[in-house]
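Thank you all for coming; I would like to walk through one model this morning, going from its sheets to its cores and then to the contact between its chains.

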Amino acid sequence: MTQPASSAQPQASPDAGRPLLEIEHLKTYYPIRAGIVRRTVGHVKAVDDVSFQIRKGEVFGLVGESGCGKTTLGRTLLRLEKPTGGEVKMDGRNILAFKGNDLKALRRRIQVIFQDPVGSLNPRMPVSDIIGEGLMAQATPENGWSERKTRDRRTGDFLEVVGLRRDYARRYPHEFSGGQRQRIGIARALALDPEFVFADEPVSALDVSIQSQILNLMSDLREQFNLTYLFVAHNLSVVQYISDRVGVMYLGKLVEVADVADLYAHPRHPYTVALLSAVPDPDPRVRKKRLVLHGDVPSPAKPPTGCRFHTRCWLREQLGNPERCSTEDPAARDMGGGHQVACHFAEQVSRSVAAETIQGVIAPRAQEPNPVVAEA
Amino acid sequence: MTTDVQDGTQALRAGVGDVLLDVRDLRTHFKVMDGLVKAVDGVSFSVRKGGRLALVGESGCGKSVTALSIMRLIETPPGIFAGGEIMFNGRDLLRLSDAEIRKVRGGQIAMIFQEPMTSLNPVLTVGAQLTEAILLHQETDKKGARRIAQKALEDVGVADARRRLDQYPHELSGGMRQRVMIAMALSCNPALIIADEPTTALDVTIQRQILELIKDIQTRTGAALLLITHDLGVVAETVDDVAVMYAGRVVETGSVDEVLLRPRHPYTRGLLESIPSQGKRGKRLSVIKGMVPNPFRMPPGCKFQPRCPYQWDDCGTGEPALISLDESISSRCFLHDPRFRDRLAAYDSPMGDPA
């Protein structure tokens with residue numbers, strides 16, 4: 001047998017679109033300690049009051065710059081970080097409160113693919129142990145994973161699933177290239193038959209030609225195993241390619257959530273507009289009028305008051321620096337069609353503003369019109 | 001000057017008098033325990049005065065080794081300059097003495113490295129590191145050097161430059177460190193700036209700031225730019241000409257518009273096709289099958305042949321030369337050999353738009 005039997009629900013269609021994870025007011029703070037007695041003098045609010053849903057079967061892309069909290073958010077969902085507040089519901093139950101057997105069962109259902117294919121595989125373990133270790137930990141009388149033979153068979157099956165040879169199980173991580181190691185990382189996650197996979201910058205460390213191989217593989221596996229992905233990346237083109245819906249984070253806050261096409265064509269948050277305008281385009285005919293943000297991302301230990309983006313916001317400048325931006329933290333609002341934005345003046349980021357600041361194309365392409373261009 | 005017109009690099013050597021940097025058939029090898037690694041094996045390109053050229057390729061293609069060879073920052077041994085020449089302002093950098101190259105390095109040629117944290121000295125203040133280079137290459141005293149350093153920081157958009165001079169690298173953000181690196185590179189008015197993946201470690205919005213800064217400075221100072229990168233997006237908007245590298249060789253060179261819109265080499269086409277974009281949503285990304293060849297077991301013939309979707313028998317036996325197609329483009333591929341004209345038709349037909 002080459003195709004491993006999946007014990008997850010074989011038909012996903014009736015469930016598709018229903019929320020798999022409901023994240024409500026999630027907060028993850030890290031204490032800042034100082035002095036001899038290591039007194040807590042403040043907090044880094046890595047994830048600060050974030051709410052959104054991840055639907056069954058979708059790829060939810062999460063973008064943002066380093067330090068914005070996107071990885072911490074994913075790790076909190078996986079119960080790898082201790083949340084400070086809020087709830088994450090799966091099948092109506094708050095998984096942040098899980099203990100004992102519930103938690104152990106949860107760990108099989110939610111898995112992770114790490115960014116660094118070198119650092120995330122133990123160099124002293126052969127691949128069979130790297131993949132087998134998780135199986136051993138999740139062994140039950142039903143699945144029989146406590147038996148070495150069963151484990152080895154399953155390891156081999158999943159190596160084939162990710163496009164490697166069965167006998168690679170005997171090899172060690174250093175014998176593989178970066179792309180192959182990432183495949184091993186994926187096999188390790190999928191061998192446990194998860195429903196939800198948190199992919200933390202899975203292709204960031206890879207070359208372009210290898211990156212496309214891994215993206216194709218992840219798309220195939222999603223269909224084959226009815227997976228739901230939380231796909232974290234800083235490369236906006238990759239996120240655009242693979243995601244169904246996208247969330248944008250800035251300094252611990254989720255500032256915008258929308259369907260992927262909607263978000264890239266009509267960004268409503270000034271930060272998203274700036275982020276999209278900053279991406280270099282490999283088509284030399286595309287000449288964007290660049291929106292260059294001033295300054296650096298502020299320290300998450302001392303975030304600005306009010307809207308956290310107000311210190312760098314171009315829209316606030318255009319509007320004559322309204323006081324509201326620096327005093328009142330904007331709540332997420334629905335702009336229609338599930339497009340959520342946390343900005344007091346999102347209406348002002350109108351089509352004209354977005355089109356004017358983002359684009360300017362010399363020769364638009366015939367077969368592949370850029371939606372933003374079409375808008376202008 | 002040169003009369004070897006068959007050589008495709010002639011295309012980029014237009015206007016011989018204007019050429020600032022002319023790398024010809026550079027071969028940088030490394031003798032290591034397991035054998036000889038030919039990291040750079042026959043690389044030729046040239047940069048005009050005030051020109052902008054990018055060397056682009058994936059990890060291990062030899063682009064950084066090429067840059068380090070120009071700066072003579074290759075340790076010998078294990079490195080060996082096995083052949084070629086690097087003509088800069090009429091002098092072969094490979095033949096300069098250590099003292100002479102030290103004058104060029106940091107003076108006439110400056111380098112911006114990828115990782116600003118590791119390329120700045122953590123135990124010296126920003127000011128100390130900036131003035132060191134200035135004192136070495138310019139006729140001035142300590143006070144004057146500090147003034148020049150402060151001016152250099154202001155020129156690259158560092159706010160509060162006077163205070164920054166007394167800070168240590170760890171007190172600065174990633175973008176700020178890269179600005180310091182650029183200030184350092186510019187402080188001695190170089191004729192050529194080599195930027196090795198200058199924005200790879202930075203976030204998108206900071207990358208944008210630094211790219212705009214590099215472009216601005218390049219036009220302001222008139223220095224030539226040699227950009228090393230793996231990002232074709234950065235190439236498209238920063239430089240005029242590009243040389244695509246694979247397995248230690250230049251496989252295609254030409255103007256950015258030509259190379260990125262009508263790639264003549266199957267590798268360049270494969271790279272462009274594998275970049276994810278919105279138009280490819282829901283479709284499979286095209287991939288370049290397999291991986292970069294093992295440096296100890298290079299395939300015979302064309303180095304890209306084992307991964308090439310267009311390859312045929314001839315590709316495995318002889319290695320194609322860099323064939324000049326017209327003034328602005330050349331490609332190292334048998335497809336452009338007049339003997340195989342019918343195959344080129346097949347290459348040209350199936351796909352209209354590469355990107």
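Let me begin with a definition: helices (H or I, at least four residues) and strands (E, at least two) are DSSP runs, numbered from the N terminus, and two strands pair if DSSP finds at least two bridges between them. What you see is a predicted model, in which local features need pLDDT of at least 70 and side-chain atom pairs count only at pLDDT 80 or more, while totals for chains, interfaces and linings use all residues. Residues are numbered from 1 along each chain as its sequence is written, and chains are lettered from A and ligands numbered from 1 in the order in which they are written.

I start with chain A, where an open sheet of four strands runs in the order β2-β1-β4-β5 with antiparallel pairing. Its edge strands are β2 (39-55) and β5 (93-94) of chain A, each of which pairs on one side only. Inside the sheet, strand β1 (residues 19-34) of chain A is joined to β4(A) by five bridges, and these two run antiparallel; A:Lys27 stands opposite A:Gly85 in β4(A). Helix α1(A) packs on this sheet and touches β1, β2 and β4 of chain A, its direction making about 75° with that of β2(A). Two residues are in contact here if their C-beta atoms, placed from the backbone, lie within 7 Å, and axes are lines fitted to C-alpha atoms, for helices over the stretch in contact, with angles running from 0 to 180 degrees between N-to-C directions.

Turning to chain B, we find four strands forming an open sheet in the order β2-β1-β4-β5, again with antiparallel pairing. Here β2 (35-48) and β5 (91-92) of chain B stand at the edges, each with a single partner strand, so one side of each is left without a neighbour in the sheet. Ten bridges connect strand β1 (residues 19-32) of chain B with β2(B), the two running antiparallel, and B:Thr28 stands opposite B:Val40 in β2(B). Helix α1(B) packs on the sheet by touching β1, β2 and β4 of chain B, and its direction makes about 70° with that of β2(B).

Some backbone details deserve a look. Which peptide bonds around B:Pro77 are cis? The bond joining B:Thr76 and B:Pro77 is cis, with omega about -15°, and the bond from B:Pro77 to B:Pro78 is cis as well, with omega near 5°. B:Pro77 is found in the loop between α1 (63-70) and β4 (79-88) of chain B, and B:Pro78 also lies in the loop between α1 and β4 of that chain.

In chain A, A:Arg79 has a phi near 65°, a positive value in a residue other than glycine, and sits in the loop between α1 (70-77) and β4 (85-90) of chain A. For burial, a residue is buried if 20 or more other C-beta atoms lie within 10 Å of its own, exposed if 12 or fewer, and partly exposed in between, with C-beta atoms placed from the backbone. A:Arg79 counts as partly exposed because it has 16 C-beta neighbours inside 10 Å. A:Leu251, whose phi is near 50° and likewise positive, lies in the loop between β9 (245-250) and β10 (253-259) of chain A; with 23 other C-beta atoms within 10 Å, A:Leu251 is buried.

Next, the cores, a nonpolar core being a set of buried Ala, Val, Leu, Ile, Met, Phe, Trp, Tyr and Cys residues joined through C-beta atoms within 7 Å. The largest has 98 residues, of which A:Ala187, A:Leu230 and A:Phe231 touch the most other members, and helix α9 (residues 270-278) of chain A gives the most to this core, with six residues. Apart from that core lies another, of 97 residues, among them B:Val65, B:Ala223, B:Ile228 and B:Cys302.

Finally, 42 residues of chain B are in contact with 34 residues of chain A. The elements giving two or more residues to this side of chain B are α7 (174-186), α8 (204-221), α9 (232-238), α10 (256-261) and α11 (266-274) of chain B, with the largest share, seven residues, coming from α8(B).
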